[in-house]
Amino acid sequence: QCDPAPFYLFDEIDANLDAQYRTAVAHHLRDISSGDGDAGAQFICTTFRPEMLHVAQKCYGVSYQKKSSNVVVVTREEALDFVEGEKQ
């Protein structure tokens with residue numbers, strides 16, 4: 001038996017998947033994070049796809065202004081609007 005990591009960082013793991021598989025990955029991560037009685041694992045995922053956002057507990061936006069990155073909490077709707085805007 002081993003202790004799981006406190007969190008996992010995934011950078012666009014859904015980028016090359018079609019919508020069906022992106023949805024499956026998102027739901028799998030949600031299920032793992034809910035845990036089995038113990039605290040589940042935490043997943044930090046960067047994405048430009050909507051499927052991951054639909055199961056996220058919290059969304060963050062990152063902007064770059066005046067040579068500085070800024071991180072802010074955004075609503076799911078704001079994140080989805082941003083992702084939809086990136087497709088165009």
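Contact means that heavy atoms lie within 4.5 Å. The model is predicted, so to speak of local features requires pLDDT of at least 70 and side-chain atom pairs count only at pLDDT 80 or more, while totals for chains, interfaces and linings use all residues. Residues are numbered from 1 along each chain as its sequence is written, and side-chain values use heavy atoms, with hydrogens and water left out.

**Exercise 1.** Describe the fold order of the protein chain and the sequence range of its contacts.

*Solution.* Begin with the secondary structure, taken as DSSP runs numbered from the N terminus (helices H or I, at least four residues; strands E, at least two): the protein chain has three helices and four strands. Along the sequence these elements follow the pattern β-α-β-α-β-β-α. Turning to contacts between residues at least 6 apart in sequence, 50% join residues at least 24 apart.

**Exercise 2.** Check the span of helix α1 (residues 19–34) against its number of residues.

*Solution.* The expected span is 1.5 Å times one less than the number of residues, so the 16 residues of α1 should span 22 Å, and the 23 Å between its end C-alpha atoms agrees with this.

**Exercise 3.** Determine which residues of α1 are buried and what covers them.

*Solution.* With buried meaning under 20% relative accessible area, exposed over 50% and partly exposed in between (1.4 Å probe, protein chains only), R22, A26 and L29 of α1 are buried. They cover an arc of only 65° around the axis, judged by the directions from the helix axis to the C-beta atoms, and therefore lie on the same side of α1. On the other side of α1, Q20 and S34 are exposed. The cover over the buried residues includes β1 (7–11), β2 (42–46) and α2 (50–55).
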